Structure formats: C-alpha cells, structure tokens
Protein chains: 2
Amino acid sequence: MAKETITGFVQATVDKAMRTYVPPEARIATFDQDGTLWVEQPMYTQVLYCLDRVPAVVKQLPELRERQPFKTVLSGDREAIARLPLHEIEEVLLATMTGMTVEQFTAEAKAWLQTAKHPRWDRPYTELTYQPMQEVLRYLRANGYKTYIVTGGGQDFVRVYAEQVYGIPPEQVVGTAVGTTYGYDKGGSPTLIKDPKLLLNDNNAGKPEGIHLMIGRRPYVSFGNSTGDRQMLEYTWAGDGPRMSMLVLHDDAKREYAYGPAQGLADTKVGTFTQALYDEARSKGWVVVSMKDDWNRIFAFESVGSRALQ
Amino acid sequence: MAKETITGFVQATVDKAMRTYVPPEARIATFDQDGTLWVEQPMYTQVLYCLDRVPAVVKQLPELRERQPFKTVLSGDREAIARLPLHEIEEVLLATMTGMTVEQFTAEAKAWLQTAKHPRWDRPYTELTYQPMQEVLRYLRANGYKTYIVTGGGQDFVRVYAEQVYGIPPEQVVGTAVGTTYGYDKGGSPTLIKDPKLLLNDNNAGKPEGIHLMIGRRPYVSFGNSTGDRQMLEYTWAGDGPRMSMLVLHDDAKREYAYGPAQGLADTKVGTFTQALYDEARSKGWVVVSMKDDWNRIFAFESVGSRALQ
C-alpha cells in the first residue's frame, strides 16, 4: 500500500497534463535519518561515536577525567552510561564534536565508521540502512526530486558518509549544527574550528526551521519515524497542492526492532513514536509504513524472501 | 585576460585526462552579490528596501514613530539617513525583516522589487546585474559547477529573486540569516515567523563559516569585490588542487561607479576594496577584473559596443 501511494503521488507530480504537476525545481523531499533511513536502536550511532571519542578527548584535556559525565563514560559501565541524563549526553556530544578543525573532525568520524560495528548484526553502521528507503530515495531522484536528509543528528557527522551511503551530497544534509570560527593555523593557512555553540537544534520545531534556513523551500515529500519529525511532516503537509507525509513504524522485533509506544509497542527514549502522533497521522491521511507488513526486505545484505524461509 | 583565466581554469578542471580534474560533485563556485553580480552603489538594494518598509512597520508599531533611527528615516532627510551609524541601520533591517511569516516577507519584497527603480538608470534593480558575470555563472553551470550566492545581504531577501535573476535556486543562496520560530496560526496551520535573532552574519569571516554551515564543501571558485569577501577568497584559494579567486574592481565611473580605495579610487562605506586587499590579490595570484578594461558591456540592456560609440 505504501509503495502504491508513493508511486501514485510521484506520477501525479511529474505529469505536466495534471493539475497536481510540480515543476522540477520545486521537487524537494526531506528524510529524517535515525530510524527512518537506518537503524537507531539500541542507541543513535552518533552518540556511540561520541562515547568512543571520550578517551581521546580526556587525553587532550586531563581535567575532564574525574568530572561527570566523563568519569562514568570512561568507567565503561554500560548501565550507568545508559542512565546518563540527556543534558549530560549533550555535554559529551559537544566535547567530542568541537574544538577541532572541520577536516580533523571528518577524518576522525570517517576512521571510526570504518571500524565500528553494530553489536547485533556485527556489520558497519553504514550497512544498516533500510533497503526500501534507499529505493524510495533513488525513485524520487529518478523523477527529478532533490533528496535531503533533515536529521536531529550532527550535520557534520552525517555529511561524512551521506554521499557514499545514500547518494546525498553534503549540501543536502540539514542537521543539528554548531558554529565554526574562521582563523589561521601556525603556517598562516585558513582554518575553520568547530565551536561548542549550538546554531541549530534540528529536532521537533527545529526541523521546519532548519529546512527554511538551509533549503528555503517547503518540501513536497517528507519521511519520519518519531515525534521529533512531527513538525516537519505537518509543515510539508500544510503546503499548497500535492504533498506527502509518511512515517515508518518499527513493529518488527524479529527482523529489526519493535518500539513505539504507538499501537502498544514498547516505550523507548530513542526514536519515540507516540500514539498521539499515530492518531494525527491517521486523521490527516499520512501513510504509516509498517516494517513488518510493508517491507519485503529490510537490509540490502538480506537475501530476498529470507523472511519466508525462516 | 580575466576571460582567458576563467576558461583555462574551467577546462583544466573538467578534463579527466588532467591532474587538475575536479569531479562534478565537488565543483562548487561561490559569488558575492552586491558589487560582484549587481550594482551596490550608492546604497545596497536591501537597505533601500528596508528604509522603504519603515512607514508600514511604524503603522503596526506606532511607538517607533518618535524613536531613533525610525524618526530620522520617516523624516525623509536623505543626508541625515545617510549619516545613520551602522548599528542604527541594523536596527532598521531587523525591524523591517522580522516579525512576519516567511511567506509575508517574500510577498512584500517581491512587490517592492517590481516597482522600485534605481535612481541613475531608472530601471528595476533586478536589471542592474553585470552581463559578464551572468555569462560566468552560465559558463560554470554549463561545465557542471553548482553556483552559489554567498552574500552579506539577507538570505531570505536574495532568495526572492535569485532564481529568476541569476538562475540560482533558493537553496543555493547563503546569506545573513535570522532564525525563525515554528508555530500555528489561528486556523491551526503551521507558520514560520522571522525572529529578530541573528543566526549568521555572512560577511568577512562569516562567509567561510556560512559556506561550511550551508554547503559543507570548500569552493573551487570564488568571486568577490570587497574586503567583506577576503576570507571567502582566502578559504577557496587555500584548498588542495586547482582553485580560482577573483575580485571585481569598480574603476569605471562613466559606465558604472569608481570606488576603492584601492588604486587611489574614491573611498566608500559601501563595498570597500582596500589597497591591502588589492596587494594580497596581486601577491597570491588572484585575478583582479577591471570593469573599465575587461568588460565590453556592463549591463544586458546596453547595446554591444556602446562604449566605442560614445
């Protein structure tokens, strides 16, 4: 059903004979990343990256060793780390993602992505993208849509791999962003140093705000999977003419994860999809994609039909 | 000479057989707007727009009528207005460019651009773009370059006309930007209201910072015309491989304006091109384009060779 909705929508927007035609330059499609394009459980990939970077940061700044939350992170106590409050996690994110040149940051993140593996599948995180969503991205681009990632994750982090993994270039990644400061290194060459100053918190209301800042047009198509995407879907949906807002529901514990708490699924702090969001989607006509029912295959590395064989 | 430099550079970056080849996705070219793509004298177009908007803002907020700098602007005393200090001009910009939805702002700016005319040529400001620069934009795009405006002017203001005037879509306009706040109107529809809170001051060091924020790649080509562009040109030039940084020198009082103060031209508060910048350009090998000597025609509405006939 989701597939036919997408192809029907796209055909209606590219057919010049139809009143629903959308000129190519206006064809903007925005996608949340974590939980929409790739796996976000049991923890956002970027948070794992930042936790792994703590020892290197403490080596540079030894005074952090005995300070919280760094002390807990260094202890390696997974349960204690999982209990860290959001503002302490944010402190780790800022400490590990700022203070270096943008080139240094890119090199560090790239090196980590090449070696880090997801504990459940024992594969690089970049292989854990959803095959049906990769097909949606390609299908939209083949029909003249410009595809953007609009993520609560760090803009610079996602830019490191988005082109290779999704075919989405850095300039089409909108994410949570800190400022940079232009200066010169000892040799007199220009540098941009990442500042611990938040410019854009690209979650919730920050998503349409970020879309306006970075794109300047309202999307015709938006995909999300959690309450953090609600405003982006609303903003897309409220535009004139044809619009499509879609949500991915993680209801497949066997092949991926099952969490909500919409539809009685388990509650989670990572990628919450509330019943209120589910009801808003249903009442407005946004399609809710069921991973269990709508997706024949979840990952590219699965053989087609593997589910039927299990 | 400038023309041959540009064509030589571009050919060297698109020829796969050359070591200077640049893959298509990395071909980013950034252009300052005021004084580089269109006329900025005797005053930036956007500042004139904001001054013209003051009566409408005062109608909404009558308490501003007796307050400075609004009182001076309403007086219509051109000399007093010209003497307003920068921070008071900025107060006018914020008051006239924020507090409305992004759609209202776009509609107001569009209406103004359709009627306002430059006093010297008695033509819409959007006709006062430099024909040779339009050719450079088209030539770069024809060779796979993505062309961006990187302007100290308001990002939302330039986006109103950039696609029609330069063929540059809104998402390729980087400019001085305020934040927006997502909310709902009385009917429950989502709105984005422009805030009086500066997110990015896209001048000087703010230009490479804005390029990183909005594009995330270092340009291969940059054009500017004033000290406000210096850091963007340096940042471009300092990249690996082939890079091109260029400056437009306004040295043609007869056909346009002559100001610097580089090369002994008149000093100005609008688009200052200092001798230090001129010397940096010469020492680094950045081409300085002379409007007088290098440009056969300045505006599209001039007949070719009109200079020879005068």
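Pro69(A) sits in the loop between α2 and α3 (70–75) of chain A. The bond that joins Gln68(A) to Pro69(A) is a cis peptide bond, with omega at about 0 degrees. Keep in mind as you explore that this is a predicted model. In chain B, a cis peptide bond likewise joins Gln68(B) and Pro69(B), and omega is about 0 degrees there. Pro69(B) lies in the loop between α2 (45–60) and α3 (70–75) of chain B.

**How the two chains are related**

What does it take to superpose chain A on chain B? A rotation of 180 degrees does it, with 0.0 Å of shift along the axis, and the RMSD is 0.0 Å. The two copies are thus related as by a two-fold rotation axis. The contact surface fits this picture: 100% of the contact residues of chain A recur in chain B, and the same surface serves both copies. Of the residues of chain A, Met214(A) comes closest to the rotation axis, with its C-alpha at 3.0 Å.

**Empty spaces inside**

Rolling a probe the size of a water molecule over the atoms shows where empty space is left. In this structure there are 2 cavities of 30 Å³ or more. Here they are next to each other:

| Cavity | Volume | Lining residues by type |
|---|---|---|
| Largest | about 50 Å³ | 4 nonpolar, 2 polar, 4 charged |

Which residues line the largest cavity? From chain A come Lys146(A), Tyr148(A), Glu171(A), Gln172(A) and Met214(A), and from chain B come Lys146(B), Tyr148(B), Glu171(B), Gln172(B) and Met214(B). You have already met Met214(A) as the residue of chain A that comes closest to the rotation axis. The elements that give two or more residues to this lining are β2 (146–154) of chain A and β2 (146–154) of chain B.

The second largest cavity is lined by Gln33(A), Asp34(A), Trp38(A), Tyr44(A), Thr45(A), Gln46(A), Gly153(A), Phe157(A), Val158(A) and Tyr161(A). Two helices of chain A, α2 (45–60) and α8 (155–166), each supply at least two of the lining residues. The largest share, 3 residues, comes from α8(A).

**Two residues with a positive phi**

Now for the backbone of chain A. Asp122(A) has a phi near 55 degrees, which is a positive value in a residue other than glycine. You will find Asp122(A) in the loop between α6 (102–115) and α7 (131–142) of chain A. Is Asp122(A) buried or exposed? Its relative accessibility is 54%, and exposed means over 50%, so Asp122(A) counts as exposed.

Asn204(A) also has a phi near 55 degrees, again a positive value in a residue other than glycine. Its place is in the loop between β4 (190–200) and α9 (206–214) of chain A. With a relative accessible area of 37%, Asn204(A) is partly exposed.

**Two buried residues of chain B**

Thr98(B) is found in the loop between α5 (86–97) and α6 (102–115) of chain B. Its relative accessible area is 12%, and because buried means under 20%, Thr98(B) is buried. What does the side chain of Thr98(B) reach? It reaches the backbone oxygen of Leu94(B), at 2.5 Å. Not counting residues up to four places away in sequence, Thr98(B) touches Val178(B), Lys194(B), Asp195(B) and Pro196(B).

Leu137(B) belongs to helix α7 (residues 131–142) of chain B. Leu137(B) is buried, with a relative accessible area of 0%. Which residues is Leu137(B) in contact with, leaving aside its neighbours within four places in sequence? They are Phe31(B), Leu37(B), Thr147(B), Tyr166(B) and Ile168(B). Leu137(B) and Val174(B) are 37 residues apart in sequence, and their C-alpha atoms are 16 Å apart in space.

Technical notes: Residues are numbered from 1 along each chain as its sequence is written. Chains are lettered from A and ligands numbered from 1 in the order in which they are written. This is a predicted model: local features need pLDDT of at least 70, side-chain atom pairs count only at pLDDT 80 or more; totals for chains, interfaces and linings use all residues. Side-chain values use heavy atoms; hydrogens and water are left out. Helices (H or I, at least four residues) and strands (E, at least two) are DSSP runs, numbered from the N terminus. Buried means under 20% relative accessible area, exposed over 50%, partly exposed in between (1.4 Å probe, protein chains only). A polar contact is a pair of N or O atoms within 3.5 Å; within protein, one must be able to donate a hydrogen and the other to accept it, and residues adjacent in sequence count only if both atoms are side-chain atoms. Contact means heavy atoms within 4.5 Å. On a 1 Å grid over the protein atoms alone, a cavity is a set of points where a 1.4 Å probe fits but cannot get out, and a pocket is an open set with protein on both sides within 12 Å along at least five of seven lines; lining residues have an atom within 4 Å of a point. Grid points are joined across faces, edges and corners, and a volume is the space filled by probe spheres set on the points. Ala, Val, Leu, Ile, Met, Phe, Trp, Tyr, Cys and Pro count as nonpolar, Asp, Glu, Lys and Arg as charged, and the others, Gly among them, as polar. Copies are superposed by least squares on the C-alpha atoms of residues with pLDDT of at least 70 in both.
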